[in-house]
Every structure is written in C-alpha cells, then in structure tokens.
Amino acid sequence: YLDALFTLRSTTVGTLGNNQISGIGFDGNNYTSDVAIAVIGRSNVTIHDCDFNNFIDSPAVFHGTSYEYYREPTTYCVGNKFYDNTVFNCSTNNSNFQGLWFSGQDGFEVYNCDFQNLKGGTSGDAISSKTNKRWYIHDNIINRLPYQPGYWNFAVEIRWNYGECRYYNNQVTGCSDFCWNYSVGYAYSIDVYNNTFGHSLASSSTVWNLGIDFEADNYNLIVRNNTFKNLACGILYSISFTSSPIKLDGLLLHNNLFDNIGSPTNLSGYYEACLYVQPERNDHTVKNLHVINNTFKQAAYSKGCITLGGQGTQTDIRLRNNIISGFTTAPVTFTKTNSGMLTIDTLTITHNNFYNNANSDNVLLTSITPTNYTTNNIIKTDPLFVSLTNYNLQNSSPCKSAGINLGYGLNIGAY
C-alpha cells in the first residue's frame, strides 16, 4: 500500500485528518499501478465522486490496527467513508489487499458505489477487510463474473467483525463472504437485509455461484428481507478453519425469498441448497438457528432446500412459517455425515407449507433421532402464489393467516 499514488498517513492511529478526495479520475495504466489512494492510521477521511480504473490491487486502502485472530484494537480509526465512486477492475485474486480495503475501522461506510470486477477468475474481491466494527455497506452495485472453476468467486470478503455491522440495499453478483463474526455486547454481529443476491439468468446456477458464505465462528447473525435468485447455493455455513472448535450461535433468517436455487448439472463436491449448515467435526456447535417466514420456490431443478445436520452438538433449531415448494428433495433434511457424532436437541418444525417436494413433503432424518422434536401444522397443498413470478399469496391461499405470530405477521411465507 506504500506504492499508492496518494498517501495520507498519520503515525498515531486515529489522528483526525479531516481530508477529502473527490472529483478525480484515477487510471492504473493497464494494471501497472498497485493502489490509487492509501489512508494509514487516519480518521475522518472521505473519498467520493471519483472514478478508478484498472489498478492491480485496490482503488483505496484504509489501514488502522488489525489482527489475523480474535483481538480488537485499543484505538480504532473513525469517520472514514468511500461513496459515490465507480470502480472498474481494481482487484486481483492473489493480492494481499484486494479491492477496496479497510481494517481497524469503527463506523466505516461504503455507499452509492458501482464496483465492476470483470476479469473473470483472476478478479479479486471488490471489497475486503479485517478487524472492524459497526461498518455499513449499502446501496451499492457489486458485480463480478460468474464462478469459474479453480477460482474463488467472492464479491466481498469481510473478516474479524466485532458487532453492529450492516450490509443492506446492495445488488450483488458473486459471493458475499463474512468470516469470524462476533457481536461483542451488541445485539447482532452482522445484519444483512434488503439485498438482491444472484444473477439475472437461470443458467448462472449451472456453476457454483453462491449468495452468502458465513465462515468459522459466527454469533447473532440476522439475514432478512433479501432475495436470492439463480444460484447453486443460497446461504452456506462453512468451516474452512478447523484447528479449534467452531461455533454458530444465533442465525435468524426471516422474510427472505429463495428463487431457483440449485444446479441442473452435477457439481460434485460442492454445496447446493437454499440453506446449507452441516459442520464437519464432532466439536463444532450449532445453536439458535431460527428459519422463520421465508419462501423457498424451485422453478426448474434443485439439489436441496434446507440441508442441516453434519456433525457436532446442535440445539434449538426452529423452522416455522415457511413455504417450501417444488424441490426434487425433501423440503428439509437432517443427515449425520461421515462417521462422526451428531446430536440435535430441541428441534421445532411447525406451521409450514411443504408442497410438491420429494419424500411426500415430509422432513427427512437420516442416521439421527433428535430429542425434544416437535412438528405439527404442516400444510401440504398448493400455496397459491399470485403468479409464477410473484410470490405474494392469493386471497384464497391456505397460507393466509395460517402461521404463528413470531413478530412477522400471521401469513406463512415471506410475504
């Protein structure tokens, strides 16, 4: 980052810079320049209304104090913003700081930007970071080409987050990857809402395009009011880091639409489902997984809708007020994988509409018998959507006022 064209640097972390950079076009001279702007140790810096084109690594980097493990800085940089900018092909997959980079920031904000990463597999992240809290990424277009075998397909890769982060009103193609998310005294670690994840073409799910990947430790996540469309996998909880026990403690998934999730081809070795949570070790823990008032609609093909189980200890899993329709698998599956250990205690599946799925619309339990398992009020008739593309309910729908009031209305489904 010391190779930046502009460098704003303070030796004392958090020093108020009160700087603005705006109205400038930056050109990386056909990927011969690394970074356009570097902001190091400084607060209150805004970069806005600029164009960035063809840099190797990044349009801008904002560096505070950061760590590659669980540790918060003593002092954060504050008040830094990146907004109303266009960024074209300013990231490479083997760079240390890919795309717009921020670290050691409290309240960092990215909005009204257009990020286009169109170099194919060699593109890096549009936005990446580590060691931050209370960041806000919203109202952006974040686009990269569909997945290419042999390359990660991350649009954003945000790691080591420490509470009250928000990701909203974005239009995203490419995977949004959130790793090591801790609430640290806040009500949530990350709140993901009102985004569109996916591609305009149904054929984009013929390769492993993924909506959201939550990796490693995750606490108090919220995913609400989003649309996931034309993806091989909607939401994946992946381990990736197995040198110590990993925990998912708190994922509230409500009022989301999953439309056309799956692949017509055999993507052997890849995860395919609307929601895929299958930890891979006996010492992994899943608890407080609540899937409430969502609509899962399969238009053409599927490899799974809600795929749970795996290994480890799992408690308080609730699937309520959801519509699951048209899947070639059971609407919900729990499977113990490999030769490991799996226990599930307090599993609640009630007030759902399961229609036209495999396994006679029944939950499939393989090599697992949950304790304290409650299931009732399952409707197995047509939910009667308004149309093939409008998933609101007709007035005569059996899902109207048929749910249990959990704070999101009495209808079953997302709407």
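Residues are numbered from 1 along each chain as its sequence is written. Since the model is predicted, local features need pLDDT of at least 70 and side-chain atom pairs count only at pLDDT 80 or more, while totals for chains, interfaces and linings use all residues; side-chain values rest on heavy atoms, with hydrogens and water left out.

**The inside**

Let's start with the nonpolar cores, meaning sets of buried Ala, Val, Leu, Ile, Met, Phe, Trp, Tyr and Cys residues joined through side-chain atoms within 4.5 Å. "Buried" here is under 20% relative accessible area, "exposed" is over 50%, and "partly exposed" is what falls in between (1.4 Å probe, protein chains only). In soluble globular proteins, nonpolar side chains tend to be buried together.

Which residues touch the most other members of the largest nonpolar core? Phe82 and Ile127 do, in a core of 82 residues. There's also a second, separate core of eight residues, and Ile379, Phe385, Leu393 and Ile412 are among them.

Back to Ile127: with neighbours within four places in sequence set aside, its contacts (heavy atoms within 4.5 Å) include Leu100, Phe102, Val110, Phe115, Ile137 and Ile142. Gln98 and Glu157 are on the contact list of Ile127 too, as are Ala155, Val156 and Ile158.

Ser176 is another one to look at. It sits in strand β20 (residues 175-181); strands (E, at least two residues) and helices (H or I, at least four) are DSSP runs, numbered from the N terminus. Ser176 counts as buried because its relative accessibility is 0%. Beyond residues up to four places away in sequence, Ser176 touches Val156, Tyr167, Phe197, Gly211, Ile212 and Asp213.

**Rings**

Rings of Phe, Tyr and Trp (its six-membered ring) pair up if their centres lie within 6.5 Å; planes under 30 degrees apart are stacked, over 60 edge-to-face, and the rest tilted. By that rule there are 25 aromatic pairs. One of them is Phe62 with Phe108, an edge-to-face pair at 4.9 Å centre to centre and 65° between the planes. Phe62 belongs to strand β7 (residues 58-63) and Phe108 to the loop between β11 (100-106) and β12, so this pair ties together parts that are 46 residues apart in sequence. Both Phe62 and Phe108 are buried.

Ring pairs also link a whole cluster: Trp135, Tyr167, Phe178, Phe197, Phe214, Phe228, Phe258 and Phe296. Tyr167 and Phe197 turned up above as contacts of Ser176.

**Salt bridges**

How many salt bridges does the structure hold? Eight, taking a salt bridge as a side-chain nitrogen of Lys or Arg within 4 Å of a carboxyl oxygen of Asp or Glu. Here are three of them.

| Pair | N to O distance |
|---|---|
| Lys81 and Glu109 | 3.8 Å |
| Asp259 and Lys229 | 2.7 Å |
| Arg281 and Asp283 | 2.5 Å |

Lys81 and Glu109 meet in a salt bridge. That pair links distant parts of the chain, with Lys81 in strand β9 (residues 81-83) and Glu109 in strand β12 (residues 109-111), 28 residues apart. Lys81 is partly exposed because its relative accessibility is 30%, whereas Glu109, at 16%, counts as buried.

Asp259 is buried at 7% relative accessibility, and Lys229 is partly exposed at 32%.

As for the Arg281 and Asp283 pair, Arg281 is partly exposed at 26% and so is Asp283, at 31%. Finally, Glu68, Lys130 and Arg159 are linked in a network of salt bridges.

**The outside**

Is Thr389 buried or exposed? Thr389 is exposed, because its relative accessibility is 71%, and its place is in the segment after β37 (371-379).

Asn29, in the loop between β3 and β4 (35-40), counts as exposed at 52%. From Asn29 to Tyr391 it's 47 Å, C-alpha to C-alpha, and 362 residues in sequence.
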